[in-house]
Amino acid sequence: PPLAPIEIAEIRADANGAEPAQEYVELWNRSDAALDLTGCRLSDRADSAGDVLPSPSFLPAHGRALVVADAFDPTDPADPTVAPGVPLFRIGTSIATAGLANTGEPLFLRDASGRRITEAPAVAAPGPGRCIARLAGRSRLPEPGEYGPAADGSCSPGLP
């Protein structure tokens, strides 16, 4: 079957709040249909299966969801509040290997059968409370320069 049209839209590796609890990876469904991501995995290494998304993990059509640690607080006053109704996919004590590195690390999203859906390159966090975002392009495997500091420097969890 074809790969799901999903991209990694935003990454908060250096939260103002507690780390790694307040880190997140935002997924964006570019399709007109809701997608079930149950069994998909997020990893920080090309050779690692990574953390499995919980069951169920539905991503609405043109919607966004956050992959977060179990302790993530969407209303933590130290960080921007998550947009109402955005699904949270809780995957354990941290995202990837011991949380997201502030110095940057690649991320790989795979479907339940292990096929790579999309990836994001290693880009260093621009500072506490600031995010890395997909700035350009829509290819499944991004080209250099398609990710960088969010345009206004802030994080927008769950918002376009």
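I began with the disulfides, bearing in mind that the model is predicted, and I found that the structure holds one. This disulfide joins C131 to C155, with a distance from S to S of 2.0 Å. I then looked up the torsion about the S-S bond of C131 and C155, which is about 105°, so the disulfide is right-handed. The pair links distant parts of the chain, as C131 lies in strand β11 (residues 130-134) and C155 in the segment after β12 (147-149), 24 residues apart.

Are C131 and C155 buried or exposed? I noted that C131 is buried and that C155 is buried as well. I also checked C40, for which the relative accessible area is 5%; since the cut-off for buried is under 20%, C40 is therefore buried too.

Next I turned to strand β9 (residues 107-110), and asked which strands pair with it. Strand β4 (residues 41-43) runs antiparallel to β9 and is joined to it by three bridges, and in this pairing I found R41 opposite R110 of β9. Strand β10 (residues 116-120) also runs antiparallel to β9, here with four bridges, and F108 stands opposite E119 in β10. I recorded that β9 and β10 form a hairpin with five residues between them, and that G114 in the turn has a positive phi of about 95°.

Last, I looked at the side chains of β9, where both faces of the strand are covered: L107 and L109 are buried on one side, and F108 and R110 are buried on the other.

How values were computed. Residues numbered from 1 in each chain as written. Predicted model: local features only at pLDDT ≥ 70, side-chain atom pairs only at ≥ 80, totals over all residues. Heavy atoms only, no water. Buried < 20%, exposed > 50% of the residue type's maximum accessible area, 1.4 Å probe, protein only. Helix = DSSP H or I, 4+ residues; strand = E, 2+ residues; numbered from the N terminus. Pairing = 2+ DSSP bridges. Disulfide = S-S within 2.5 Å.
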